[in-house]
Amino acid sequence: MVRLGSTPVLDFGTFSVKAGFAGESYPLWIFTQEQFQPSTWPIVRGRIEDWTTFSEILEMVWSKLKVDPSEEEVIVVEHLESSSEQISKLEKTMFEKFRVKYLTMFFSSLCACKAAGVSTGLVVDVGHGVTRVSAVIDSDTMKEITLDTGGQDADESLLNSLSTKYPDMDLSIYVREIKERHCFATLSPKEEAVAKADNHEMLRRTYELPDKTGIHLTHERASCIEPIFGSPKDSKATLAKSIKQLIESFPEFSNQLAANIIICGGLSEIRNFNYRLLSELYKCKAGKVIRVYCPPERTHLSWIGAASIYFDDEYVDVGMSLEQYERKHRPRNEE
């Protein structure tokens with residue numbers, strides 16, 4: 001990584017794109033799939049599926065940040081489990097279409113640890129499309145497990161439940177806000193039983209639509225979050241057991257990993273999410289001492305970490321320049 005000037009930092013997700021500059025404490029611009037309607041969002045379950053539309057979003061990023069990518073280094077938040085095909089296409093888009101001067105990619109888990117101030121820890125990133133569990137040891141992402149559940153599964157569960165109650169109403173545009181305002185994770189079997197009782201007073205809430213119509217909420221306030229934690233009947237599907245699997249993969253560091261579990265991503269903001277996860281981890285005996293940290297800025301934690309890594313001398317010259325890319329992809333008969 002070189003020091004070129006106003007360095008854009010980009011984090012692409014299933015729900016949003018976060019963009020800003022290195023050294024800043026918060027993204028300057030956040031663009032969501034809801035704002036992108038009626039066009040189709042190009043990122044599905046953490047994978048870029050439509051590269052033409054993705055390039056259009058990048059054009060918007062450069063415009064919003066008021067930068068010429070051909071004159072700047074660009075930092076991108078990536079993931080250990082991203083396929084080589086995804087990485088190659090991202091490099092091709094950045095270098096061949098936008099002529100980016102220098103490109104550096106950092107794993108989101110490393111960025112989250114940097115932002116949280118730890119070098120060894122286990123990152124649970126609960127995004128909109130996927131949940132990633134990553135083991136970081138001495139500032140190196142060693143292993144990652146990706147679960148195909150995230151905020152969109154909670155949204156779909158909530159919408160299905162409300163559609164049964166209100167079959168003549170389209171509540172899809174309100175589901176995300178209802179979830180963020182009123183939904184929560186249960187902590188115990190007793191609370192789970194209460195959550196199944198539709199008429200229990202504890203669960204009753206009302207969400208008011210713009211036309212003053214009241215949407216009455218009960219059990220779905222808690223039940224919509226359950227897909228994220230997985231089915232107890234399938235031991236490989238639960239979030240807690242995926243975390244335990246990673247902890248046990250590194251016996252020398254298992255105590256450190258269990259004591260430094262960092263949760264981030266939009267769905268981690270749901271009330272009681274951290275306490276429910278801690279309870280699940282103790283149930284499956286993931287460690288003797290388990291600590292779950294939920295930084296206040298956890299929705300943007302990976303972006304914040306990437307923006308700060310720029311100033312860390314340990315990561316100088318870890319990216320690729322346009323010249324290096326062109327030499328790498330130069331036809332042999334031109335060498």
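Residues are numbered from 1 along each chain as its sequence is written, and side-chain values use heavy atoms, with hydrogens and water left out. Because the model is predicted, local features need pLDDT of at least 70 and side-chain atom pairs count only at pLDDT 80 or more, while totals for chains, interfaces and linings use all residues.

A pair of aromatic rings is described by the distance of the centres and the angle of the planes. Rings of Phe, Tyr and Trp (its six-membered ring) were taken to pair if their centres lie within 6.5 Å, with planes under 30 degrees apart counted as stacked, over 60 as edge-to-face and the rest as tilted. By this rule the count comes to 10 aromatic pairs. Tryptophan 29 and phenylalanine 31 form a stacked pair, with 5.2 Å from centre to centre and 15° between the planes. Where burial is stated, buried means under 20% relative accessible area, exposed over 50% and partly exposed in between (1.4 Å probe, protein chains only). Tryptophan 29 is buried, at a relative accessible area of 12%, and phenylalanine 31 is buried as well, at 8%. Tryptophan 51 and phenylalanine 54, in turn, form an edge-to-face pair, with 5.4 Å from centre to centre and 75° between the planes. These two residues, tryptophan 51 and phenylalanine 54, are separated by about one helical turn, because they stand three residues apart in helix α1 (residues 51-65); helices (H or I, at least four residues) and strands (E, at least two) are DSSP runs, numbered from the N terminus. Tryptophan 51 counts as buried at 15% relative accessibility, and phenylalanine 54 counts as buried at 0%. Trp29, Phe31, Phe36 and Trp41 form one aromatic cluster.

Isoleucine 57, also found in helix α1, counts as buried at 1% relative accessibility. With contact meaning heavy atoms within 4.5 Å, and not counting residues up to four places away in sequence, isoleucine 57 touches Val17, Phe36, Trp41 and Pro42. Isoleucine 57 and tryptophan 41 are 16 residues apart in sequence, and their C-alpha atoms are 9.5 Å apart in space.

A charge was taken to sit over a ring if NZ of Lys or CZ of Arg is within 6 Å of the ring centre and within 35 degrees of the ring normal. Arginine 176 lies over the face of phenylalanine 15, at 3.6 Å from the ring centre, and arginine 276 lies over the face of phenylalanine 229, at 4.4 Å from the ring centre. Both Phe15 and Arg176 are touched by glutamate 34, not counting residues up to four places away in sequence. Glutamate 34 lies in the loop between β3 (29-32) and β4 (43-44) and is partly exposed, with a relative accessible area of 44%.

The axes of helix α4 (residues 151-165) and helix α5 (residues 175-182) come within 9 Å and cross at roughly 100°, which makes α4 roughly perpendicular to α5. Here axes are lines fitted to C-alpha atoms, for helices over the stretch in contact, and angles run from 0 to 180 degrees between N-to-C directions; angles under 35 degrees count as roughly parallel, over 145 as roughly antiparallel, 65 to 115 as roughly perpendicular and the rest as oblique.

Arginine 45, in the loop between β4 and β5 (47-48), has a positive phi near 50° and counts as partly exposed at 25% relative accessibility. Lysine 66, in the loop between α1 and β6 (73-78), has a positive phi of about 60° although it is not a glycine, and lysine 66 is exposed, with a relative accessible area of 74%. Glycine 117, whose phi is positive and near 80°, follows α3.

Histidine 300 is found in the loop between β14 (292-293) and α12 (301-309), and is buried, with a relative accessible area of 11%. Not counting residues up to four places away in sequence, histidine 300 touches Lys18, Tyr26, Pro27 and Ile30.
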